Amino acid sequence: MSQIKLTIDNKTVQVAQGTSIVDAAKQIGVNIPTLCHMKLEHVGYENKPGGCRICVVELEGRKNLAPACKTICTEGMQVSTHTLRVINARRTVMELILSDHPAECLTCVKSGKCDLQTRAQELGIREIPYQGEQSKYKEDKSPAIIRDMDKCIMCRRCEMMCKQVQTVGCLSAINRGFESVVAPAFEMDLEKSTCTYCGQCVAVCPTGALSEIDNTRKVIAALVNPNKTVIVQTAPAVRAALGEEFGLEPGTLVTGKMVSALKKIGFDKVFDTDFAADLTIMEEGTELLNRLQKHLAGDKNVKLPILTSCCPGWVNFFETNYPDMLDVPSTAKSPQQMFGAIAKTYLAEQMKLKREDLVVVSVMPCLAKKYESQRKEFQVNGNPDVDLSITTRELSQMIKGANLNFNELHNEEFDNPMGESTGAGVIFANTGGVIEAAVRTAYELHTQKTLEKVDFHELRGFEGIRSATVDFDGFPLKIGIAHGLGHARQLLNEVKAGTSTFHAIEIMACPGGCIGGAGQPYHHGDTNILKQRAAAIYREDAGKAIRKSHQNPFIIKLYDEFLGEPCGEKAHKLLHTHYFDKKPKVK
Amino acid sequence: MTKIKLADSKVTELKQVCAKFDNQKNELINILHGAQELFGYLPAEVQEIIAQQLSVDVAHVYGVVTFYSFFSMSPKGEHPISVCMGTACYVRGAEKVLDEFKRILNVKIGETTPDGKFSVSSLRCVGACGLAPVVTVGSKVYGRVTIEEVQQIINEYQ
Ligand code: SF4
Ligand code: SF4
Ligand code: SF4
């Protein structure tokens with residue numbers, strides 16, 4: 001590609017054709033402030049409506065200021081990014097934005113992490129000279145997400161995320177001028193729309209307009225209730241990101257500190273969702289093998305490829321978009337729900353507790369899990385298997401609220417029996433991890449041979465759609481992987497058309513997998529953070545003594561003492577689910 | 001939102017409108033024009049069918065419908081009132097006139113009174129700038145309308 005030479009603040013820089021001024025400036029360490037713009041490198045997605053005008057710069061020979069995010073570099077261009085004129089323009093733009101924004105920073109969930117607040121502070125805005133009417137919208141509370149559109153600045157990041165990346169398209173800019181806002185069709189509540197609760201809109205919203213339902217107060221209420229025993233499970237992805245909330249480098253593993261913090265907060269037992277991930281592999285892996293063996297025996301009706309089902313955002317997506325294919329995904333519940341089902345039966349029995357007196361809290365990187373835990377089929381007589389699901393961010397809030405000095409905490413171990421896990425359970429956090437874990441177990445069960453090399457590098461990475469063939473002792477097992485719902489849709493359409501050649505497909509709703517979940521600390525567009533989290537997860541796996549789910553001694557014991565066979569009758573009752581047609585009906 | 005039932009024959013006609021434009025996504029605006037001609041307005045049910053025919057998200061269709069003031073989501077009143085908001089009318093107080101209509105009839109732009117008699121909308125220049133501000137009720141044109149005259153105009157149709 002041909003190169004272009006230009007100067008930015010009198011420094012010469014050479015960039016590839018098609019580079020924006022913002023990106024060119026970055027190359028020489030000049031940071032042009034942006035607000036609506038967001039570039040997600042690994043997702044291959046860039047939101048640049050050029051609407052907010054915070055990024056304006058001065059161009060030699062051009063009368064008007066130009067938005068740096070949208071303006072492409074040309075040969076000989078002379079850019080000035082911090083002249084008085086530029087700074088005054090940015091200040092005016094910011095003052096205008098703030099004139100229609102509620103001054104609620106003190107109580108806003110986004111405070112301290114809000115791009116609007118940060119930019120306003122950088123510009124040193126101390127008063128808002130423009131006064132006038134402010135927009136008022138009704139608050140929309142769904143089981144996972146709150147929409148508080150009074151705080152919307154119309155950057156449309158959420159719309160791009162929902163439409164372009166996730167191909168759900170349940171959000172759109174509506175109305176015009178002062179009344180414009182992003183909303184579902186007919187301004188219906190999110191709950192009634194086709195929203196999957198993947199939460200990726202929340203993950204990119206620069207302000208407090210989109211946020212998660214906060215369950216921390218309910219958790220605290222349970223903790224102080226003397227009649228309740230409160231246990232907690234932590235998802236694999238949480239340990240690789242929680243440290244960021246306490247100023248640690250992205251990719252710092254804080255497993256031991258996290259356990260310690262949870263014990264200090266007062267949970268009676270601290271368990272690991274990784275244990276349930278191992279359990280998921282036993283069930284999902286067995287299901288894969290069962291289908292595969294039938295297929296190899298010539299059964300034409302068997303559904304292949306099998307699709308993983310541990311991501312509730314993805315489950316919601318296929319229930320609304322592919323209701324005619326509900327028999328294709330695995331019936332295995334997600335690890336969160338497997339944990340809940342075992343906790344409220346096996347564990348409650350062991351602890352001699354009634355299920356009503358046992359409160360199961362989950363710490364998840366995920367917003368869809370909030371909704372999942374409330375699904376009717378995961379309740380017994382109105383008592384849910386998982387009572388309360390909180391995010392990584394909410395946990396950090398609780399740790400801060402408990403005045404714990406997180407970084408000084410000593411490492412502690414999970415409790416048993418549901419705290420023991422293998423490396424296979426850990427990698428569930430990463431795109432490609434679930435299928436790698438499944439392969440480690442399915443290989444040994446299928447071939448009756450020991451798998452010497454457990455690292456399947458061919459299944460790892462950040463490409464949106466990946467494929468690999470794994471040699472199952474002479475049988476080529478074809479595997480597909482998709483993360484992000486748009487990529488999932490591509491693979492799904494192939495399955496629907498009957499052109500898919502895969503035997504198994506792993507799907508995660510969030511770009512990067514759960515490490516990029518919407519409940520994780522905000523990445524503010526720096527997608528390197530996701531890579532560092534993913535690397536941390538693989539490090540945790542490599543450091544584990546046991547790295548195959550079926551070798552987890554507590555899993556073996558659980559089947560011996562309680563469950564019987566994988567995919568057996570009891571396992572089926574407790575660990576599997578069924579799906580519903582949720583396609584909105586149009587005449 | 002109250003659900004309405006579209007007659008089957010109308011649904012067929014609507015699908016024909018979409019088909020006339022090859023169910024093309026980028027013809028959405030033309031298709032919406034055609035649909036509004038057919039129904040007089042664009043209820044949710046119509047937008048849903050169009051979204052389905054064009055394989056676009058209904059949120060997107062709704063976004064377009066609410067962006068253009070020409071499109072309306074409620075049936076026009078028996079006497080549709082339009083206030084010109086072109087530059088000439090605007091500077092001569094059209095907004096105040098429009099506000100007065102909204103106030104007296106207690107409706108927003110694009111809405112219809114509960115008795116179905118009046119609907120209020122704004123439109124861009126009607127080309128009678130000499131008469132600014134201009135109001136039309138049905139096909140009748142009123143020029144140089146003042147706030148005081150608004151009630152009289154409404155009374156003519158009561
Ligand atoms: S949660 Fe996901 S599906 Fe729902 S609006 Fe946000 S991006 Fe779209
Ligand atoms: S809701 Fe958030 S992400 Fe969406 S347009 Fe508004 S401010 Fe931007
Ligand atoms: S990928 Fe993980 S974080 Fe994202 S919706 Fe699925 S389960 Fe939740």
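Q: Where in chain A does Thr577(A) lie?
A: This is a predicted model. In it, Thr577(A) lies in the segment after helix 18 (569–575) of chain A.

Q: Why is Thr577(A) called buried?
A: Its relative accessibility is 12%. Buried means under 20%. The value of 12% is under that cut-off, so Thr577(A) counts as buried.

Q: Which residues is Thr577(A) in contact with, leaving aside its neighbours within four places in sequence?
A: Thr577(A) is in contact with Thr331(A), Lys333(A), Glu377(A) and Phe378(A). Contact means heavy atoms within 4.5 Å.

Q: Which strand holds Val470(A)?
A: Val470(A) belongs to strand 20 of chain A, residues 465–472.

Q: How do you know whether Val470(A) is buried or exposed?
A: Look at its relative accessible area, which is 3%. The cut-off for buried is under 20%. Val470(A) is therefore buried.

Q: What is Val470(A) in contact with, leaving aside its neighbours within four places in sequence?
A: Its contacts are Val439(A), Phe456(A), Phe475(A), Pro476(A), Leu477(A) and Ile479(A).

Q: How far apart are Val470(A) and His523(A) in sequence and in space?
A: They are 53 residues apart in sequence. In space the distance is 34 Å, C-alpha to C-alpha.

Now to chain B.

Q: What makes up the secondary structure of chain B?
A: Chain B has seven helices and four strands. From the N terminus, the order is α-α-α-α-β-α-α-β-β-β-α.

Q: What box do the C-alpha atoms of chain B fill?
A: Along the principal axes, the box is roughly 50 × 30 × 25 Å.

Q: What share of chain B is buried?
A: Of the 158 residues in chain B, 45% are buried.

Q: How many positive and negative side chains does chain B have?
A: There are 16 positive and 17 negative side chains. The centres of the two sets lie 2 Å apart.

Q: Which residues form a nonpolar patch on the surface of chain B?
A: Ile29(B), Phe67(B), Tyr68(B) and Phe70(B) form the patch. Together they have about 360 Å² of accessible area. Ile29(B) lies in helix 2, residues 28–39.

Q: Why is Ile29(B) called partly exposed?
A: Its relative accessibility is 34%. Buried means under 20%, and exposed means over 50%. The value of 34% falls in between, so Ile29(B) counts as partly exposed.

Notes
Residues are numbered from 1 along each chain as its sequence is written. Chains are lettered from A and ligands numbered from 1 in the order in which they are written. This is a predicted model: local features need pLDDT of at least 70, side-chain atom pairs count only at pLDDT 80 or more; totals for chains, interfaces and linings use all residues. Side-chain values use heavy atoms; hydrogens and water are left out. Helices (H or I, at least four residues) and strands (E, at least two) are DSSP runs, numbered from the N terminus. Buried means under 20% relative accessible area, exposed over 50%, partly exposed in between (1.4 Å probe, protein chains only). Lys and Arg count as positive and Asp and Glu as negative; His and the chain ends are not counted. The place of a charge is taken as NZ of Lys, CZ of Arg, CG of Asp or CD of Glu. Patches are made of residues with over 30% relative accessible area and no salt bridge: like charges are joined within 9 Å, nonpolar side chains (Val, Leu, Ile, Met, Phe, Trp, Tyr) within 5 Å. Accessible areas come from the Shrake-Rupley method with a 1.4 Å probe; for residues, only the protein chains shown count as cover. A salt bridge is a side-chain nitrogen of Lys or Arg within 4 Å of a carboxyl oxygen of Asp or Glu.
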